[in-house]
Amino acid sequence: MTKTAPLRSWAAGSALLLGFAAVLGAAPLPSAWINWRYSRPITLPAADTARLAGLPLPQDVYLHATLGLPDIRIIDDTGAEVPYARYTRPGSTISKTLPAETLENSFSRGNYTQLVLSVGASPPFHNSVEIRTSEPDFIEWVSVEASDDAHEWRTVEDRAPIFRFRQQNREGMQTLRYSPNNARYLRIRVLDGGRKFPIESAQVFSNTIEAPERAYLDESIVDDPAGRAGENSWRVDLGTRALGVQEVRFAVNPAEFIRAVQISTSDDAITWTAVARGEIYRFRSGASEEEHLRVDVPGDLAARFWRITVVNGNDAPLPGVIPALYTTPVHFAFQQQPGRSYRLLYGQPRAADPQYDLARRVTPEQEDAAIPAQLGTEEETSNYIDPRPWTEKNRYVLWVVMGIAALLLGYSAIRSLRRNSASVAE
């Protein structure tokens with residue numbers, strides 16, 4: 001199953017056209033920067049006074065940049081290095097745990113298991129509760145109500161699922177989100193009247209969530225040739241280890257389901273390492289629908305090849321499921337001076353991370369208010385000099401020399417053995 005063209009589609013033309021384009025796109029750099037192989041002009045509106053400019057890094061820069069981006073430099077038209085602040089908008093969750101006292105843990109046969117909590121006389125606004133249970137395998141529907149006096153109740157979550165399937169190594173979800181409120185009491189009902197659901201305790205939280213900035217990775221995702229029965233499986237080649245994946249989202253045709261998802265990485269498309277697990281689901285509850293169709297990838301992982309697997313078990317494969325990859329964009333902020341023009345440099349494998357104090361002086365609010373800049377077309381440095389030592393640039397020569405040396409040593413050893421054998425025979 002193939003999606004849109006990959007980032008590397010510009011490289012799919014003939015070698016002749018690429019060579020011609022490289023000649024046209026070549027540009028000399030000042031002598032201090034001839035070890036940087038690639039550069040791009042930065043386009044900015046003219047400035048009358050110094051001001052902060054912001055530059056999002058396009059994804060195709062990663063194809064020629066060094067892992068971790070230590071080789072990114074900005075210079076002006078005089079060749080002077082321009083300090084920058086590098087930043088992302090990863091989002092955040094501020095979670096505050098509220099003291100919760102269990103006032104009731106009861107069972108109404110044929111109706112529900114009920115838990116009544118008190119979160120204090122003057123609680124702050126809260127919006128989620130975690131149900132703690134030893135039950136290993138279950139799926140239950142739960143409602144949440146709030147009250148200021150434990151007599152009059154209002155519904156803050158009509159019906160939401162909690163579930164766990166440990167036999168399938170799926171921890172599921174036991175946290176319910178509900179409409180924010182500052183009520184003193186919460187009434188939680190597990191809507192299964194056939195048995196008392198074993199609730200050990202519950203914890204109430206006040207969560208403030210700022211969504212992370214995400215950018216769609218326009219990469220070609222293909223069916224995994226090594227996919228096994230009972231799975232939907234895909235592979236993607238990012239073309240570089242420098243470009244990370246922070247989230248996988250799924251488009252699925254209308255259906256009700258719960259599926260485990262595993263995300264793996266590889267540097268050679270042969271040996272794979274699982275780096276993230278999660279679950280996607282869709283439930284219909286009356287007129288409403290509960291849905292979660294993404295899996296987060298924790299940390300900053302570096303890998304060229306990625307594999308996404310949806311585990312169906314004995315269920316039929318999900319209909320029309322399509323994964324999509326998302327990354328966290330990297331931004332750069334720098335001071336634009338009147339009358340100056342600027343260029344972004346990259347492609348220096350021996351460069352170290354620069355140290356600028358601008359990152360300590362610029363606030364997130366200033367970064368958000370920066371004048372937007374854009375990058376022009378990539379240009380290869382016409383006076384480029386590879387900074388790597390000769391032995392690193394010509395490793396194949398060393399292997400050839402070592403091979404010849406081994407052959408000569410072997411030949412010398414054979415001649416010596418033959419001479420010794422002839423002497424013994426005489």
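Leu115 stands opposite Ile188, a residue of strand S14, in this model, which is predicted. The pairing behind this position joins strand S8 (residues 112-118) to S14 in the antiparallel sense, over 6 bridges. Strand S10 (residues 137-147) also runs antiparallel to S14 and is joined to it by 6 bridges, with Ala146 standing opposite Leu186 of S14.

Strand S14 (residues 185-190) is largely enclosed by the rest of the structure, because 6 of its 6 residues are buried. Tyr185, Arg187 and Arg189 point one way from the strand, whereas Leu186, Ile188 and Val190 point the other way, and all are buried. In a regular strand, side chains alternate between the two faces of the sheet.

Elsewhere, an open sheet of 4 strands with mixed pairing has the order S5-S26-S3-S28. Its edge strands, S5 (84-87) and S28 (371-372), each pair on one side only. In the antiparallel pairing of S5 with strand S26 (residues 331-336) there are 4 bridges, and Tyr87 is placed opposite His331 of S26.

| Core | Residues | Members include |
|---|---|---|
| Largest nonpolar core | 49 residues | Ile42, Ile72, Phe250, Leu325, Phe334 and Leu344 |
| Second, separate core | 23 residues | Leu115, Leu117, Val142 and Ala183 |

For Ile72, leaving aside neighbours within four places in sequence, the contacts are Leu57, Val61, Tyr84, Phe332, Leu344, Leu345, Tyr346 and Pro354.

Terms used. Residues are numbered from 1 along each chain as its sequence is written. This is a predicted model: local features need pLDDT of at least 70, side-chain atom pairs count only at pLDDT 80 or more; totals for chains, interfaces and linings use all residues. Side-chain values use heavy atoms; hydrogens and water are left out. Two strands pair if DSSP finds at least two bridges between them. Helices (H or I, at least four residues) and strands (E, at least two) are DSSP runs, numbered from the N terminus. A nonpolar core is a set of buried Ala, Val, Leu, Ile, Met, Phe, Trp, Tyr and Cys residues joined through side-chain atoms within 4.5 Å. Buried means under 20% relative accessible area, exposed over 50%, partly exposed in between (1.4 Å probe, protein chains only). Contact means heavy atoms within 4.5 Å.
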